[in-house]
Structure formats: C-alpha cells, structure tokens
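Take a moment with the model below.

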There are 2 protein chains.
Amino acid sequence: MTYCVGLLVDAGLVFMSDTRTNAGIDNISTVLKMKTWEVPGERFLCLLSAGNLATTQSAVSLLDERMVAPSERQPAILTQPTMFQTAKLIGETLREVITGSSGPQCSSPMFSGSFIFGGQIKGMPPRLFNIYAEGNFVEAGEDNPFFQIGEHKYGRPIIIRTYDRSMSLADCAKLLMVSFDSTLRSNLSVGLPLDLQIYERDSLRAGLRTRITGEDPYYKTVSEGWSDALKNAFDALPAFNPDAWREHEEIDVGTQAA
Amino acid sequence: MTYCVGLLVDAGLVFMSDTRTNAGIDNISTVLKMKTWEVPGERFLCLLSAGNLATTQSAVSLLDERMVAPSERQPAILTQPTMFQTAKLIGETLREVITGSSGPQCSSPMFSGSFIFGGQIKGMPPRLFNIYAEGNFVEAGEDNPFFQIGEHKYGRPIIIRTYDRSMSLADCAKLLMVSFDSTLRSNLSVGLPLDLQIYERDSLRAGLRTRITGEDPYYKTVSEGWSDALKNAFDALPAFNPDAWREHEEIDVGTQAA
C-alpha cells in the first residue's frame, strides 16, 4: 500500500510520502513516490502517487517526457498557464495510462492509481489537488485543507485534531511525522524511509527536501516521544468514575439471569 | 458499519460497541450490538457483533433460545463447561446462520458477520475471543490483549500506545471513549450512543453497564478535552528544525530544473 499526505497552510505546502511498494507480503521494495519540478522564480510543482506502481510511474514518465533525450525535454507540465490546467493535464495523462492497460471502461481496479498534486505558479496562490484515476480532481480549500491517499485511516485523527491553517511549515512537518508514525505502527505495507518536501509560499523554488530514515534522531524523538506524550495527555483527562455512572438511569440492556 | 472493542486486562474485561446500523447512507437506525448473559456467582458472558445485522441477530436469538417461551429457556450458551466450548458453540451457530442464508460455501460476504466474545466461568480465568464468520476463533493473550471488529483503524493508534495490562477498569473505559470518539469523527457509519460493559475479574456478575450519549457530561469532557490534550502533547514534542535538516546529505530527489 502507500501513505501520502499534502497539507495546505497559509505559509505554504508540505508533502510527505512513504516509500514501500509490494507485490505480496513476501515481495517488498523501496520506491520514490514523490516527484517535483521546479523553474526557480517561476513555478514549483510536487506530485505524490498511490496505487499501481506501473501506472503511476508511467504517468510521471509521460509528464516528464522521458521518451525524449534529457537535453531536449520541455515537459508540458512546466508550460501550463495555471495550476488548474496542470492538474487537468496530469489527470488526463493518468486516465490515458489506465485505459491503455485496462481498456476504455477503466474497469479494472488492478491498474488504478491516484495523485496528490500541489505547487504554485508566479502571480497565483499555491494550490493543492487530489487527482483520481478517472482523471478528474478536487481542490483543497478552507473546509478540506489537506489530502491523504493510500492507507489514510490510522494517521487521520491526529491531523484532524491538530491541523490549523496558521501552523508553521516546521509544525506541519512535525505533524506529518506523527501521522506517518501512527500509520507505520499499524500497517506493514506502509514503510520507512519517508520523503518530505516543504514549499514556502511565494518562494517559487523547492524548499527543504529530505529523506527521513528510522535512524534520524529527530524522527526517533518524535516516534518515541509521542507515545509518552499521548500517555501523559491520556492521564491528564479526568478519570472515569464508575460510581457516578451507576446513578444514571439504567437502560434495559437485555441481560438475562438464568 | 460498526465499531466494537473488547479489552482484556489483569483487572477484568471492558467492552464497548457503537449502535449505528445502516442500509445505505440515507437509511440509518440505532441498534444494540452488545448482548450479555449472567448467572450470578457462576458465569458472565458478553458478545459484541459486527457485520450483517440479520445474521448476527439471528445467531444471538438462536444462542438465546428465543424460539422457546421465556419461562422454558435454558440456553445452551449458559451450560457449556468452559469459555472455549462456549466460543465454539457461538462460532458454530454463526456459521450455520450464514450458510443458511448464502449456501454451504459461505461464499457471499453479504451475509457475513463476526463477534467479540468474552467473560468468565467460575474456577477459570476471564477469557476473550474474536469469532469469525467461518465459525473459528482466536483468543486474546499477552501479545494480543484486545480485539476490534468493524471500523477499527481510526481508533487503533491510541489503544496501541496507551494500553497496558495493569490498567484499571475505569482507565480502560476512558481509553475506549477516546478511541470511539476518534472513530466517530471520521466515519459516519459509526454512531452514538455507545454501550459500555465493565466486568471485574472473579466477580462472576455483570458489572457496570451503561449507555453513553453525546450529551453525557463525562463523554463531552473526554471528547473536547482530548483535542486540547492532543494539541498540548503535540506542542510538547521538540520542534522540527528545517535548518538542521539542510545539513543532512541531500539525496538525489529527481527535481528537474527546466
């Protein structure tokens, strides 16, 4: 499986992806699921992928024009006038790859894939999209300021409770480490290392990009510290008092005495 | 969907279940998914159900001998010599109901269901089981001291990080409220009110049984307090320092400058 998140905050965008790919529990590998493009001072784009790896890699290669010699590439993805048009191009490319593998009905979920896509083009605000296998997409906004793809459930509660549009980019990175750590502990098909990309609003260039392994001191601090922090938070909640509840009116609970 | 949890600790057993059932997003109802049996001083049994409601209700009715007039009932579930035998009876009953609806191959997931079953019989320790649609089951132990059925993912990280075999029964109840609250916030097919059953080891009688609504002051305190507690726990973790990470060796990340 996969876990990828893109967060939109006032200060910019933060992306994180895991690197595990598997063809069966006994056949796992590490693969990059985060691809970025940059024209310094003009645009920055980041794409996170989930689903069938052959599908998403093929779509990224097409977007990247890898069929052309590196010196001659002028990827269409870098020439779209707006982020919306860029998302449309990515969606169309993804759908073409899927229908090429599974036929025109997109009927086989086997070849399916999806993307989180975000970035900024000069003169326009940063934008974030969730692009589906069918080629259509939704955009992040005030009410849905982040997207998750892949194994999203374990790591969702902490994002829901902690996310705030005014968070710093560093706090976003910390939040994503906690969210990913919760997921890694419950689903073996999501695995370290993690790729992190920070984009500062209006910088129009790639910000910090790093790969986080299980040995990184900061990641270890977060992973171990979060268990203690959660236990302390739990202890700080008022205690449940069974005696107080006995006073509540009892409902008919169907307990049967023989 | 459904969310049910059974926790085994040194002090006894704690069970919680939600009450939402749905046949489509536009057709929801409240239903009891927790059934208990008690012979005071001799045994206490608790059964939590997930899956097709017609299947699980039918199995519970058969176990309860509801085809017999109430005064004449001597449910076989109350006459088994051990918890293992009782779990076996429940599993067989469940499988019979499912094959009765879907044919001998149990082929249709439509009629599927599963149970968490726990309790204690005099002279033996408390035991906890996860019973599958096929009629077989696994037992909780040192390494897997709790079971979840239904929508288990959102509420799992907090149990994994906080559970401790030496926890008090009251702390177990608090933990389950946090776990259920995280689930309720993310999946509409899990809904209030919640049913809680506490069983104190060697008491051999039903302990506190109560129904928790969204209006209960303690539940509201936990639900609202947990967001604040999580935020404080998050703030207490050391900050992510992008500058420290810039010093790391950069990997080849495939960023392309046009």
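This is a predicted model: local features need pLDDT of at least 70, side-chain atom pairs count only at pLDDT 80 or more; totals for chains, interfaces and linings use all residues.

Residues are numbered from 1 along each chain as its sequence is written, chains are lettered from A and ligands numbered from 1 in the order in which they are written, and side-chain values use heavy atoms, with hydrogens and water left out.

Start with chain A. Its C-alpha trace spans about 80 × 45 × 35 Å along the principal axes. Chain A has six helices and 13 strands. Both are DSSP runs, numbered from the N terminus: helices are H or I with at least four residues, strands E with at least two. Of its 258 residues, 52% count as buried. Buried means under 20% relative accessible area, exposed over 50%, and partly exposed in between, with a 1.4 Å probe and protein chains only. Now consider contacts, meaning heavy atoms within 4.5 Å. Among the contacts in chain A with a separation of 6 or more, 63% come from residues 24 or more positions apart.

Next, find helix α4 of chain A, residues 169-184. How far apart are its end C-alpha atoms? They are 22 Å apart, which agrees with the 22 Å that 16 residues should span at 1.5 Å a residue. The expected span is 1.5 Å times one less than the number of residues. α4(A) is mostly covered, with 15 of its 16 residues buried.

Move to chain B for a helix pair. There, α4 (residues 169-184) packs against α5 (residues 217-236) at an angle of about 65 degrees, with the axes 10 Å apart. Axes are lines fitted to C-alpha atoms, for helices over the stretch in contact, and angles run from 0 to 180 degrees between N-to-C directions. From α4(B), the contact residues include B:Lys174, B:Met177 and B:Asp181. From α5(B), they include B:Tyr218, B:Val222 and B:Trp226. By class, the contact has seven nonpolar, two polar and two charged residues. Ala, Val, Leu, Ile, Met, Phe, Trp, Tyr, Cys and Pro count as nonpolar, Asp, Glu, Lys and Arg as charged, and the others, Gly among them, as polar.

Now for the loops. A:Glu65 lies in the loop between α1 (53-63) and α2 (83-102) of chain A. A:Glu65 and A:Ala76 are 11 residues apart in sequence and 8.1 Å apart in space, C-alpha to C-alpha. Leaving aside neighbours within four places in sequence, A:Glu65 is in contact with A:Arg73, A:Gln74, A:Pro75 and A:Ala76.

Most residues other than glycine have a negative phi, and most peptide bonds are trans. A cis bond joins A:Leu192 and A:Pro193, with omega about -5 degrees. A:Pro193 sits in the loop between α4 and β11 (194-200) of chain A. In the loop between β11 and β12 of chain A you will find A:Leu204. A:Leu204 has a positive phi of about 55 degrees, although it is not a glycine. Is A:Leu204 buried or exposed? It counts as buried because its relative accessibility is 8%.

Finally, compare the copies. A rotation of 180 degrees with 0.0 Å of shift along its axis superposes chain A on chain B, at RMSD 0.0 Å. The two copies are thus related as by a two-fold rotation axis. In chain A, the C-alpha nearest the axis belongs to A:Tyr154, 2.5 Å from it.

Note on methods: Copies are superposed by least squares on the C-alpha atoms of residues with pLDDT of at least 70 in both.
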